[in-house]
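Please examine the sequence and the three-dimensional structure shown here before reading on.

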Amino acid sequence: METLEKIELVLSHIQNVQNNCYKLGMKLIKRGEVEMGRILIAHGQVHDNSKFQGVEFDHLFTGDSILSDAIKHHNTTNPHHPEYWGSIQKTPEVYLIEMVCDCAARSSEFGTDIRVWFRDVATKKYNFSMDDETGKKITYYLDLLLSSPFNGTVKETFNNN
């Protein structure tokens, strides 16, 4: 893959996360969580900027560094990754929300089910349960982010016409 294609993929991902942060941030603001929504939108504007510097850039765009070094650098310099805080339970809520926006973007880019990923992969990777406080927060923010723009299910919408 050429450098231009890689840059386009990274920028597309960042734009997807920005869109998710905007969408969820606006929903939070409408629910009266103005400060959280505002900060989330601001975080979306600088999401993953580290990918254009140092070891991350070297790995992504020139292939000069080891992947594990680039991933470790990314996860420990970007506060929307639980590794930055030492655990998902220590991750401040606004960064947890940004992580949900990030994971939802990746899921849509790869055509996978984000809820299944959180339930089957993230719970093991980050040592939490979908039934504990962290899991309930993730579910709450996923529900807000992924809620249908229609008043009812698609099936109900089409059956009522």
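Residues are numbered from 1 along each chain, and side-chain values use heavy atoms, without hydrogens and water. The chain has a mean pLDDT (the predictor's confidence in each residue, from 0 to 100) of 89, and 89% of its residues reach 70 or more. Residues 152-161, however, have a pLDDT below 50. Where pLDDT is low, the predicted coordinates should not be read in detail.

Consider next helices α1 (residues 3-30) and α8 (residues 133-146), whose axes come within 9 Å and cross at roughly 100°. Helices are DSSP runs (H or I, at least four residues), numbered from the N terminus; axes are lines fitted to C-alpha atoms over the stretch in contact, with angles from 0 to 180 degrees between N-to-C directions. α1 and α8 are therefore roughly perpendicular (65 to 115 degrees). Their contact (heavy atoms within 4.5 Å) involves N20, K23, L24, K27 and L28 of α1, together with Y141, L144 and L145 of α8.

Which helix gives the largest share of the lining of the largest pocket? A pocket is an open set of points on a 1 Å grid over the protein atoms alone, where a 1.4 Å probe fits, with protein on both sides within 12 Å along at least five of seven lines; lining residues have an atom within 4 Å of a point. The largest share, 7 residues, comes from α6, which spans 93-110. In total 32 residues line this pocket, and H13, K51, H74, R106 and F110 lie nearest its centre.

How values were computed
This is a predicted model: local features need pLDDT of at least 70, side-chain atom pairs count only at pLDDT 80 or more; totals for chains, interfaces and linings use all residues. Helices (H or I, at least four residues) and strands (E, at least two) are DSSP runs, numbered from the N terminus. Angles under 35 degrees count as roughly parallel, over 145 as roughly antiparallel, 65 to 115 as roughly perpendicular and the rest as oblique.
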